[in-house]
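Work through the exercises below with the model open. Try each task before reading its solution.

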Amino acid sequence: MTPFFIPDLKDSLHFFGELETQHLPNQFKVLIWNVYKGKRGLAWKNDFLSIGRNQDLLLLQEAMLDNFMPSMWKEDWKTHQWKMATSFIYKSSTHRTGVATGSKFISRETKVFRGTDREIFLWTPKVTMSSLYKTESDKSLLVINTHALLITTTRAFIRYIDSILSEITHHTGPLIFAGDFNTWNSMRWRALLQLLKTHGLDHVTLPNDQRFLKLDHIFVRDLEVISAKIRNDIYTSDHSPLEVEIKLK
């Protein structure tokens, strides 16, 4: 018997907080971070509050709906709306894990994608969430927060990414596709670049990238990258946070 169950997509999305600000500014800051389910407790929380306070968009992977993370969103992030898409639910604790997006601005539309393939041995799925934001220049920005399959074949990895891209072909405006892509070998990395290139997405280079495995990335389309950095000084997750400042073209 598996130690988890998978909710229907219609029951996988949860919202926290309410906002009134309608438009994303033409220049904004983004944080991308696999937060390791917040396992390192208060030390992680302090890091998260420190680096996340001034971010306009926060894209988290391995977020948790437990007794810790949602209360932090409600109490310490009252200027943000949070939404979380569930990958699966632990049976023992009924805690959910998945991807979460925090924003200072109201999203006009939210979609959840769950791949049909599962992790080998664990048999858990991965989930992706898209959010559509209206900008001050009246453009619509699509933001995709993803966590790709880790322990699986390259073919299954490609299927997962391709299924997401097939859902966004209707969007012709600016686009951010970011998260934990689990590109732990060269075959995955080359396949990912080729897939995203066909959709006009460019990889954002991170100066001083000291990671042994480069798993987390941000890709953009019709956007100007003002600055990008990786926080090699943060150790409260098994992934380093990425910080990017972006401007609409």
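**Exercise 1. Describe how helix H1 packs on helix H2.**

Step 1. Get the geometry. The axes of H1 (residues 41–52) and H2 (residues 69–76) come within 12 Å and cross at roughly 35°. Axes are lines fitted to C-alpha atoms, for helices over the stretch in contact, and angles run from 0 to 180 degrees between N-to-C directions. Helices (H or I, at least four residues) and strands (E, at least two) are DSSP runs, numbered from the N terminus.

Step 2. Assign the hand. H1 passes H2 in a right-handed crossing, meaning that the near helix is turned clockwise from the far one by less than a right angle.

Step 3. List the contacts (heavy atoms within 4.5 Å). From H1, Trp-44, Lys-45, Phe-48 and Leu-49 meet Met-69, Met-72, Trp-73 and Asp-76 of H2.

Step 4. Sort them. The H1–H2 contact has 6 nonpolar, no polar and 2 charged residues. Ala, Val, Leu, Ile, Met, Phe, Trp, Tyr, Cys and Pro count as nonpolar, Asp, Glu, Lys and Arg as charged, and the others, Gly among them, as polar.

This is a predicted model: local features need pLDDT of at least 70, side-chain atom pairs count only at pLDDT 80 or more, and totals for chains, interfaces and linings use all residues. Residues are numbered from 1 along each chain as its sequence is written, and side-chain values use heavy atoms, with hydrogens and water left out.

**Exercise 2. Find how the axes of H3 and H4 are oriented to each other.**

Step 1. Take the angle. H3 (residues 154–167) and H4 (residues 186–197) have axes that come within 10 Å and cross at roughly 20°.

Step 2. Classify. The two helices are therefore roughly parallel, a label for angles under 35 degrees.

Step 3. The crossing of H3 past H4 is right-handed.

Step 4. Inspect the contact. H3 residues including Phe-157, Ile-161 and Leu-165 meet H4 residues including Met-187, Ala-191 and Leu-195. The contact divides into 9 nonpolar, 1 polar and 2 charged residues.

**Exercise 3. Is Ser-237 buried or exposed?**

Step 1. Locate Ser-237. It lies in the loop between strands S14 (223–230) and S15 (242–248).

Step 2. Check the area. Ser-237 has a relative accessible area of 6%, so it is buried (under 20%, 1.4 Å probe, protein chains only).

Step 3. Name its partners. Not counting residues up to four places away in sequence, Ser-237 touches Trp-33, Asn-34, Val-35, Tyr-36 and Arg-40.

Terms used:
Buried < 20%, exposed > 50% of the residue type's maximum accessible area, 1.4 Å probe, protein only. Parallel < 35°, antiparallel > 145°, perpendicular 65-115°, else oblique.
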